[in-house]
Amino acid sequence: MKLVNQMIATTLPLIPKSVVGYFSQRYIAGETLADAIKVSRQIQRDGACVTLDVLGEHITRNDEATAYANQYLELLDAIQSEKLDANVSLKPTQMGLKLDRSFCRDTIAKIAEKTKQNDNFVRIDMEDISCTDDTLWLYEDLKKEYPVGTVIQACLRRTDADVDQLINLNANLRLCKGIYVEPYAAAYKDREIIRQNYLHILERLLTAGCYTGIATHDEMLVWGALRIIKKLNLKPDRYEFQMLLGVQEELRKVILKAGHKLRVYIPFGAHWYAYSVRRLKENPQIAGYVMENILRRMAGKK
Ligand SMILES: Cc1cc2nc3c(=O)[nH]c(=O)nc-3n(C[C@H](O)[C@H](O)[C@H](O)COP(=O)(O)OP(=O)(O)OC[C@H]3O[C@@H](n4cnc5c(N)ncnc54)[C@H](O)[C@@H]3O)c2cc1C
């Protein structure tokens, strides 16, 4: 299966952009802010809320970061004027993390300032392990002044120790498995260990009172999370489930029907093609998922 996924991922750049676009439309709202608003409304009609992500990462010039930041400012205003139940997610490397850490901090602060004025919230996504320390630093620094959250990854060996510090900060976190392929020394490779670490960390966060975004499409983890929520007798305002646009929609409906808050992550923007191809090449497992979902739809199953 690994080999098949690898093949799908490496041959992807040979497939015409229009074909990739056709399949990506399930996972990406479109190129424009209007597309993102339209898809957000559709998702909200089903009872979910959303987080919006302007696609882009790993920029090479400061002015690119500024341009992305301006798009986020526009987005935050649109969320307010359109009265959407939405917050925003952004990537630190899109805001210049690899160019200059303090420039990146100041750029995100501009977005966070608008977020504060609009009574909204910005989540700083977590990228590969070369970004972990700096992203946690960004979060800790910005949290002093602004409504921000960040993300931790259950696949990383360091995360349990990071959680000690994050609990002291009463952090607002999204917990995910982690999408980046990391070296063995830094990350667990065994699927079951990652699952168990996910539930171990989730229980620690929820017990400590940290607001947690339970980001997964893995039904075993959703089941485990529901058990923890019940055991701790948690109020619905202490957590939310989170899923990516276009993924496991049936499970999404089940969670919503059971009365839990659920947020859908909606990426959009002009750079959707580069983003899709890079992501699929970086992690061939995702290429396998996408193909599996397409085949399931073609076979008439949701
Ligand atoms: C809201 C949200 C935000 C995230 N933010 C980050 C982040 O900031 N940093 C980070 O490293 N990772 C992030 N991730 C990705 C996450 O780390 C995992 O890589 C991803 O969710 C797959 O893990 P899973 O728990 O869903 O379980 P899996 O067992 O990997 O997936 C369960 C099933 O879901 C389906 N599936 C999962 N992912 C996809 C996909 N992309 N396309 C199609 N089908 C899919 C497949 O059918 C699969 O069998 C985020 C995920 C979500 C849901």
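User: Is Arg-105 buried or exposed?
Analyst: This is a predicted model, where local features need pLDDT of at least 70 and side-chain atom pairs pLDDT 80 or more, while totals for chains, interfaces and linings use all residues. Residues are numbered from 1 along each chain as its sequence is written, and side-chain values use heavy atoms, without hydrogens and water. Buried means under 20% relative accessible area, exposed over 50%, partly exposed in between (1.4 Å probe, protein chains only). At 14% relative accessible area, Arg-105 is buried.

User: Which residue forms a salt bridge with Arg-105 at 2.5 Å?
Analyst: A salt bridge puts a side-chain nitrogen of Lys or Arg within 4 Å of a carboxyl oxygen of Asp or Glu. The closest N and O atoms of this pair are 2.5 Å apart, and the partner of Arg-105 is Asp-141.

User: How far apart are the N and O atoms in the salt bridge of Arg-41 and Glu-82?
Analyst: Arg-41 is partly exposed, at 32% relative accessible area. Glu-82 is partly exposed too, at 32%. Their side chains meet in a salt bridge, N to O, at 2.5 Å.

User: What is the distance from the polar side-chain atom of His-217 to an oxygen atom of the ligand?
Analyst: A polar contact here is a pair of N or O atoms within 3.5 Å. Lys-177 has a side-chain N or O atom 2.9 Å from a ligand oxygen. For the polar side-chain atom of His-217, the distance to a ligand oxygen is 2.8 Å.

Methods: A polar contact is a pair of N or O atoms within 3.5 Å; within protein, one must be able to donate a hydrogen and the other to accept it, and residues adjacent in sequence count only if both atoms are side-chain atoms.
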